[in-house]
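I opened this model to get my bearings. My notes follow the order in which I looked things up.

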Number of protein chains: 2
Amino acid sequence: MDSVRQAAEKSKQASYRIQNLPLSVRNAALAAIASELGKRKDHIIQANQIDLAEGARTGLAQPLLKRLNYDEVKVDESIRSIESLIAQEDTIGKVISKMELDAGLVLEKVSCPIGVIGIIFESRPDALVQIATLCLKSGNAVLLKGGSEARETNKALASAIVAASESIDARLKDAVQLLSTREEIRELLALDELVDLIIPRGSNELVRSIQSSTRIPVLGHAAGVCHTYVDEDADLEMAVRVCYDAKVQYPAVCNAMETLLVHQSIASQFLPRIAAEYAKVKVELRGDQATRGMIAAGKATEADWSAEYNDLILAIKVVPSLQEAIDHINRYGSHHTDSIITSDQAKAKQFMDLVDSASVMWNASTRFADGYRYGLGAEVGISTNKTHARGPVGLEGLAIYKYRLSGEGHIVADYAGKNAKHFTHRKLA
Amino acid sequence: MDSVRQAAEKSKQASYRIQNLPLSVRNAALAAIASELGKRKDHIIQANQIDLAEGARTGLAQPLLKRLNYDEVKVDESIRSIESLIAQEDTIGKVISKMELDAGLVLEKVSCPIGVIGIIFESRPDALVQIATLCLKSGNAVLLKGGSEARETNKALASAIVAASESIDARLKDAVQLLSTREEIRELLALDELVDLIIPRGSNELVRSIQSSTRIPVLGHAAGVCHTYVDEDADLEMAVRVCYDAKVQYPAVCNAMETLLVHQSIASQFLPRIAAEYAKVKVELRGDQATRGMIAAGKATEADWSAEYNDLILAIKVVPSLQEAIDHINRYGSHHTDSIITSDQAKAKQFMDLVDSASVMWNASTRFADGYRYGLGAEVGISTNKTHARGPVGLEGLAIYKYRLSGEGHIVADYAGKNAKHFTHRKLA
């Protein structure tokens with residue numbers, strides 16, 4: 001078995017071989033992977049049964065067990081997701097801009113793969129398939145590091161992906177590699193000269209610990225503390241519907257609402273109505289003093305304003321103005337996804353301009369912040385980074401660019417001193 | 001005096017105030033800064049004289065003293081650079097893409113500033129002006145940390161920039177702040193929740209030490225180990241001219257050539273010709289065995305292949321093939337800028353496809369890799385990062401985007417289960 005460094009060195013070499021594979025070859029590899037997953041479906045499901053049994057035996061938490069489950073429905077979903085990925089537009093080799101610097105000297109900015117992507121994930125076998133195939137489509141090599149709880153499933157999936165892609169083109173050898181043993185996360189994070197980007201998919205704790213222990217850029221988010229602000233000019237019926245959806249439709253995920261902000265002038269009308277809806281599904285409410293004067297709610301502490309419950313719990317605060325809502329969100333939020341409910345377009349614009357989050361919304365549920373719903377196809381994750389890629393990240397987040405300059409023996413000395421030549425800097429189509 | 005954290009908190013607040021300042025206001029601030037630098041020219045030059053005298057007294061190295069010099073010519077250059085920045089296209093508020101997700105539910109991806117940029121620089125007062133004004137133009141707040149060797153010059157420049165920008169719009173208060181004392185770099189690097197991007201401008205040692213001691217993304221490059229590969233199909237006269245320029249025209253900078261690779265079949269013709277040129281300006285040559293068999297050169301050790309001399313020293317290696325040249329560059333280079341000299345278009349394409357560098361060139365001097373020559377106007381620096389921004393980075397590298405979703409009370413529950421509504425995912429112009 002290779003060390004992590006050896007595996008990463010092979011990945012780097014593979015990344016050089018595959019960075020310019022024609023789209024047809026990359027798509028053929030994806031089609032072969034989809035077909036291989038179909039052929040090996042029984043084997044993969046059996047492997048997953050072993051992991052599930054072991055998880056149950058060792059007392060893995062119920063939500064983790066649920067995410068670990070990879071049954072026939074999930075395999076079929078993975079296959080369909082690969083098929084839709086094949087149909088997606090290529091993100092590499094695009095000429096982003098082209099400029100004549102001077103006669104005979106032409107500069108192109110061309111998109112290209114990033115190189116070697118390290119994926120670290122817990123449970124979620126579907127994430128392994130989705131991210132590995134996104135990397136291949138975008139010409140990147142990928143090192144996969146799964147949790148031990150999904151060991152057998154990950155082995156079965158990775159071996160199908162490797163066999164299928166290598167059967168299409170020998171240059172794809174080592175383009176996908178599965179790492180396995182426990183120490184390897186730390187080793188992987190130390191290889192900043194070989195690994196170009198780390199994408200963690202898992203608990204907040206996992207992501208935070210990775211972010212603070214590597215020089216490699218990390219794409220993702222640690223927390224999803226999302227807000228809905230119900231403005232004084234909100235359609236209250238709409239506000240009830242959207243706030244219910246944002247909290248209740250799937251509370252365990254990062255784009256669910258965790259804090260509800262309500263303008264003081266409509267709070268006494270709105271809060272009893274939404275509280276009645278939440279009561280039907282037993283949402284636990286934690287309010288500030290003003291809230292507790294209007295509805296039954298526990299006392300929200302300072303910690304509640306930055307809490308990500310991922311559960312049927314909601315913090316509620318009454319605010320005196322739009323600006324205070326914006327300030328609260330920028331201060332306590334996680335810059336993930338925040339929404340305003342209002343009929344006033346100017347206020348919506350102000351909110352969307354000033355809230356510093358990856359997704360800002362108007363009269364819509366925060367739950368829409370997702371690569372599939374945003375039309376990106378599959379996603380590698382949702383980023384709260386302020387550089388490179390922000391919000392739901394699909395194929396485009398796996399591309400960067402290089403500059404290509406073609407001349408006829410041009411030298412810089414000709415553009416210096418007296419009689420210096422001048423640049424034309426003429427944009428080309 | 002504020003602590004670094006207090007200053008960074010003010011920067012963050014300022015970044016929220018200025019992120020949507022109209023272009024006219026940002027340009028008016030730039031014009032005011034240019035004018036103020038003109039008015040305070042004598043004062044700024046006097047301040048610089050104090051720093052230069054102190055540097056001479058304390059024995060500051062000659063190259064550092066040269067970079068520290070900020071005389072009338074340099075002030076005028078800074079003013080002209082601001083004037084050309086005013087003319088540049090806005091990079092924020094651009095709709096990058098727009099999509100109807102479903103009837104009445106529209107998603108826009110809109111460019112916006114990054115937020116708070118921390119600049120750490122040694123000497124180079126011109127870099128302070130250039131980067132601070134690039135940040136203001138692109139709607140970012142900036143924390144400036146200069147070296148103590150330029151203390152008086154930096155104070156004079158920052159105070160002119162602050163006075164001029166605040167005179168235009170009160171919202172620009174705290175948008176530019178100069179940090180001063182010595183401990184502050186470490187404190188600044190720890191503020192990852194307040195500072196969104198660090199741009200270091202200085203020695204390789206400074207950049208490397210910053211990269212390994214912060215969770216904040218760092219934009220820049222530590223090393224510039226640039227190559228020229230002279231192919232068997234090169235026009236040798238052109239090769240001599242370009243290789244001379246790449247090494248000699250300005251050897252102290254990151255885009256100067258450090259290693260020359262020569263195809264074995266033309267090495268015996270080419271090497272004596274270029275060596276004769278280099279001898280005229282006393283370039284020290286360090287060659288591999290094959291090179292030393294053809295020209296007088298010292299012995300290149302393994303360390304020479306990854307050395308950035310920034311001086312009139314050149315490592316030379318004879319290679320048996322284009323592929324070996326590419327492999328050498330990807331292995332030993334710094335992924336900054338590399339050039340091939342050849343008359344064969346297919347080989348040029350192969351080189352530019354496979355060399356994993358920010359700038360790849362064909363029949364041109366590596367010295368062209370620069371924001372001004374690339375037509376970007378001013379630059380914040382040259383990046384060898386594989387994410388966000390690569391190569392010479394201008395205004396665009398100081399922008400990111402956010403998603404804006406506008407609905408009519410849309411909820412995710414309507415798109416789940418049976419009778420689920422379907423997304424239209426229709427691209428809009």
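These entries go from chain A as a whole to one strand of chain B.

I note that this is a predicted model, where local features need pLDDT of at least 70, side-chain atom pairs count only at pLDDT 80 or more, and totals for chains, interfaces and linings use all residues. Residues are numbered from 1 along each chain as its sequence is written, with chains lettered from A and ligands numbered from 1 in the order in which they are written.

**Chain A.** I found 14 helices and 17 strands in chain A. Helices (H or I, at least four residues) and strands (E, at least two) are DSSP runs, numbered from the N terminus. The C-alpha atoms of chain A fill a box of roughly 75 × 70 × 35 Å along the principal axes. Of its 429 residues, 53% are buried. Buried means that 20 or more other C-beta atoms, placed from the backbone, lie within 10 Å of the residue's own.

**Domains.** I looked up the domain assignment of chain A: domain 1 is 4-219 + 380-402, and domain 2 is 226-368. Their C-alpha centres lie 35 Å apart. Seven residues of domain 1 of chain A are in contact with eight of domain 2 of chain A. Contact means C-beta atoms, placed from the backbone, within 7 Å.

**Strand 6 of chain B.** Why is this strand largely enclosed by the rest of the structure? Five of its five residues (197-201) are buried, so it is largely enclosed. Leu197(B), Ile199(B) and Arg201(B) cover one side, Ile198(B) and Pro200(B) the other. Strand 3 of chain B (residues 116-121) pairs with strand 6 of chain B in the parallel sense over five bridges; pairing takes at least two DSSP bridges. Ile119(B) stands opposite Ile199(B).

Notes:
A residue is buried if 20 or more other C-beta atoms lie within 10 Å of its own, exposed if 12 or fewer, and partly exposed in between; C-beta atoms are placed from the backbone. Domain bounds come from an automatic or database domain assignment. Two residues are in contact if their C-beta atoms, placed from the backbone, lie within 7 Å.
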